[in-house]
Amino acid sequence: MKLIVLGSGTCVPSLKRNAPGYYLEAEGYLALVDCGSGTLLQLERAGRSYKDMDAVFITHRHPDHFADLMPLIHALLATPKFKREKDLTIIAPAGFHAYYEKAVAVIMGRPKDFFIDIIEIEDKVDIGPFNVFAEKTIHSSDSLAYRFEHNGSSVVFTGDADYDHGLIELSISADLLIADCSYLDTVKAKGHLSAKECGILAEKAGAKKLLLSHLYPADSPDHERVKEAQAFFSGEVILAEDLMELAV
């Protein structure tokens, strides 16, 4: 699997860190995991095209995690000299289909040349080359974490999440754990993981590598989050940066 961090930030506008979004590729199947505002531009900067996306996975309905969904569909429908013909799959938490009908379809209408298939995931879905598992997280009423497996490798996206046992179970032996590292533990916020908790989560799950992302602006240097996580995790800790590429 090939991963590109499109956005390592949050809802807070930043010139350094775009809103959350990740590009995941395997066997030519292209997916977005979250698509906050600016994701389409980040795809262009990464040398990838919105035109080629097969699927979009949404962790929850907070705007910084899916605000570019409507712009994506608009671009697929209205780009000059381009005709989208392959279907687009949207995988999202329960209740998303009703939201889409009321807030997106009513504006964008229904494509004539391709189908938008909305799957409300419960615990597992097989799509393209991926086996995908979902776990409810402590954050919002609909928030999910995802685990992608492909050819014996695995990557977990916590999405926005607080520490709990379900995240540990989802992350068991993950090759890469991408964690919501919103704050240091001294300023921990309810519904989000601190750097310390990211380290504990990765250690208890036996993850091989930990990527700290969803980084809110802070008074302390970013490397302090890495240092705090390393105190509790024996594996490799990486600070996410926009347009960073990793192989899983």
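This is a predicted model: local features need pLDDT of at least 70, side-chain atom pairs count only at pLDDT 80 or more; totals for chains, interfaces and linings use all residues.
User: How many cavities of 30 Å³ or more does the count come to?

Analyst: Rolling a probe the size of a water molecule over the atoms shows where empty space is left. With a threshold of 30 Å³ or more, the count comes to one cavity.

User: Which element gives the most residues to the lining of the largest cavity?

Analyst: The largest cavity holds about 100 Å³ of space. It is lined by 15 residues, and those closest to its centre include Tyr22, His65 and His214. Two elements, β3 (29–35) and β11 (176–180), each give two or more residues to this lining. The element that gives the most, with three residues, is β11.

User: By class, how many residues in the lining of the largest cavity are charged?

Analyst: The lining has six nonpolar residues and six polar ones. The number of charged residues is three.

User: Which residue of β10 is the bridge partner of Tyr146?

Analyst: Strand β9 runs antiparallel to β8 (residues 130–136), with six bridges between them, and Leu144 of β9 is the bridge partner of Lys136. Five bridges join β9 to β10 (residues 153–157), again in an antiparallel arrangement. In β10, the partner of Tyr146 is Phe157.

User: Which residue takes a positive phi in the hairpin of β9 and β10?

Analyst: This hairpin has two residues between the strands. The residue with a positive phi, near 50°, is Asn151.

Key
Residues are numbered from 1 along each chain as its sequence is written. Side-chain values use heavy atoms; hydrogens and water are left out. On a 1 Å grid over the protein atoms alone, a cavity is a set of points where a 1.4 Å probe fits but cannot get out, and a pocket is an open set with protein on both sides within 12 Å along at least five of seven lines; lining residues have an atom within 4 Å of a point. Grid points are joined across faces, edges and corners, and a volume is the space filled by probe spheres set on the points. Helices (H or I, at least four residues) and strands (E, at least two) are DSSP runs, numbered from the N terminus. Ala, Val, Leu, Ile, Met, Phe, Trp, Tyr, Cys and Pro count as nonpolar, Asp, Glu, Lys and Arg as charged, and the others, Gly among them, as polar. Two strands pair if DSSP finds at least two bridges between them.
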